[in-house]
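Please load the model in a viewer and keep the selection panel open.

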Amino acid sequence: MATGDQLLVVIDPLARHTDGEAVRIAKDVLSAGAASTKVCLPEGPEEFARVLARRGSRRPVVVGDDRALLRAVALLHRQRELSACALAMVPVGPSLGLARSLGVPTGAVAAARAALDGVERRLDLLVDDSDGVVLGALRIPAPAGATALDAEADADAESEAGAEGYGGTAGTGAGSDLGFGARAGVGAGGGSSGHQSWLRNWPQSLVRTLSAHPPRIRRVARPARIRVASPAAVGPSRLRVEVDGVTLVDLDQPVQGVSIAPGTDGGADVEVRPVSVGAEAAPLRAVGRRVTVSGADFRYRADSLVVAGPVRTRTWTVREGAWGLTLPG
């Protein structure tokens with residue numbers, strides 16, 4: 001272990017909301033094992049970005065789930081500082097599939113020790129032509145599946161918005177837990193005179209009760225919005241998939257879905273599942289550094305977390321060894 005390490009421990013608010021005890025354990029282990037530890041508790045994406053940008057020579061350790069890791073990698077990529085910054089992660093939160101697939105220990109103690117004692121592994125990254133990043137894999141479903149992606153995206157947005165500290169309606173910020181008088185706009189200055197004038201003609205027993213214990217109103221997250229596809233949109237996709245300039249499948253061959261993932265040696269593993277007629281059709285596979293998908297409007301889901309689109313064309317390029325993650329030795 002490099003005991004001279006200076007760590008920047010960034011604790012995602014969703015992790016604090018989900019499992020405060022695991023967060024405390026991770027913070028204690030990291031603070032005890034490093035020469036210097038600065039702990040930051042950002043309350044929103046903007047503050048999260050500022051903390052990373054001002055890290056100096058400190059090595060960042062993200063305490064959070066897959067979304068927090070993806071957010072950190074995307075921010076460092078946009079700042080063009082990803083290649084010079086080795087990240088570490090302590091997985092805490094509801095979405096940990098990506099962390100497990102990357103080899104991060106899921107226990108708070110084991111992950112914190114890996115952050116202290118582990119070795120940096122350089123990992124490939126998929127970068128698209130809009131500067132988006134993919135750490136694990138992405139999938140493009142048929143239009144019927146894309147409707148499900150819409151519903152999942154809305155549910156994810158509502159869930160994350162409801163987490164403490166990320167601008168959601170269930171947070172602890174201003175407006176999230178309003179007293180009844182403020183909610184009703186009673187007493188323009190918020191003082192007691194407006195409150196008392198509003199209550200003047202009410203029975204005194206009720207006045208005393210309301211004055212001492214005003215009702216509290218909490219905002220409730222809306223249910224997920226489900227977009228219904230039109231009948232014309234339901235069916236297989238017609239997409240052109242090109243790998244390093246070679247067409248793997250063209251618009252005349254309907255497909256059930258496409259998946260792209262960073263492979264080995266700087267290549268992306270591409271799999272296209274054609275629509276089967278009779279016997280099941282074998283998937284079409286290829287490996288290349290540059291993958292372009294085009295055709296009718298399509299959506300895709302990256303790292304099982306982010307739904308993007310609709311777009312008519314998108315190109316992903318593999319960046320070999322673009323980012324570093326500290327993993328057990």
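**Before starting**

This is a predicted model, in which local features need pLDDT of at least 70 and side-chain atom pairs count only at pLDDT 80 or more, while totals for chains, interfaces and linings use all residues. Residues are numbered from 1 along each chain as its sequence is written, and side-chain values use heavy atoms, with hydrogens and water left out. Helices (H or I, at least four residues) and strands (E, at least two) are DSSP runs numbered from the N terminus.

**Stop 1: the nonpolar cores**

Select Leu69, Val73, Leu87, Leu125, Leu135 and Trp323. Within the largest nonpolar core, which has 34 residues, these six touch the most other members. A nonpolar core is here a set of buried Ala, Val, Leu, Ile, Met, Phe, Trp, Tyr and Cys residues joined through side-chain atoms within 4.5 Å; buried means under 20% relative accessible area, exposed over 50%, and partly exposed in between (1.4 Å probe, protein chains only).

Next, colour the elements that give two or more residues to this core: strand 1 (6-11), helix 3, helix 4 (66-78), strand 4 (86-91), helix 5 (97-102), strand 5 (119-128) and strand 16. Which of them gives the most? Helix 4 does, with 8 residues.

Now centre on Leu125 and display its contacts (heavy atoms within 4.5 Å). Apart from neighbours within four places in sequence, Leu125 touches Val73, Leu82, Val133, Val134, Leu135, Thr317, Val318, Arg319, Ala322 and Trp323. A second, separate core has 23 residues, among them Val249, Val255, Ile260 and Val293. In soluble globular proteins, nonpolar side chains tend to be buried together.

**Stop 2: helix 3 against helix 4**

To see the contact itself, select Phe48, Ala49 and Leu52 on helix 3 and Ala68, Arg71, Ala72, Leu75 and Leu76 on helix 4.

Then move to Arg55, in the loop between helix 3 and strand 3 (59-64). Is this arginine buried or exposed? Arg55 is buried, at 11% relative accessible area. Beyond four places in sequence, its contacts are Leu8, Pro60, Leu76, Gln79, Glu81 and Cys85.

**Stop 3: salt bridges**

The structure holds 14 salt bridges, each being a side-chain nitrogen of Lys or Arg within 4 Å of a carboxyl oxygen of Asp or Glu.

- Select Arg16 and Glu43, whose side chains meet at 2.8 Å, N to O. Arg16 lies in helix 1 (residues 13-18) and Glu43 in the loop between strand 2 (36-40) and helix 3 (45-53), so the pair ties together parts 27 residues apart in sequence. Arg16 is partly exposed at 21%, as is Glu43 at 37%.
- Select Arg312 and Asp297, where the closest N and O atoms are 2.9 Å apart. Arg312 belongs to strand 16 (residues 306-327) and Asp297 to strand 15 (residues 290-302), 15 residues apart. Arg312 is exposed at 59%, whereas Asp297 is partly exposed at 47%.
- Select Glu271 and Arg273, a salt bridge of 3.4 Å, N to O; Arg273 is partly exposed at 29%.
- Select Glu21, Arg24 and Asp28, which are linked in a network of salt bridges.

**Stop 4: backbone geometry**

Most residues other than glycine have a negative phi, and most peptide bonds are trans. Select Gly309 and Pro310: the peptide bond between them is cis, with omega near 5 degrees, and Pro310 lies in strand 16.

Arg80, in the loop between helix 4 and strand 4, has a positive phi near 55 degrees and is exposed at 54% relative accessibility. Finish at Asp303, in the loop between strand 15 and strand 16. Its phi is also positive, about 55 degrees, but Asp303 is buried, with a relative accessible area of 6%.
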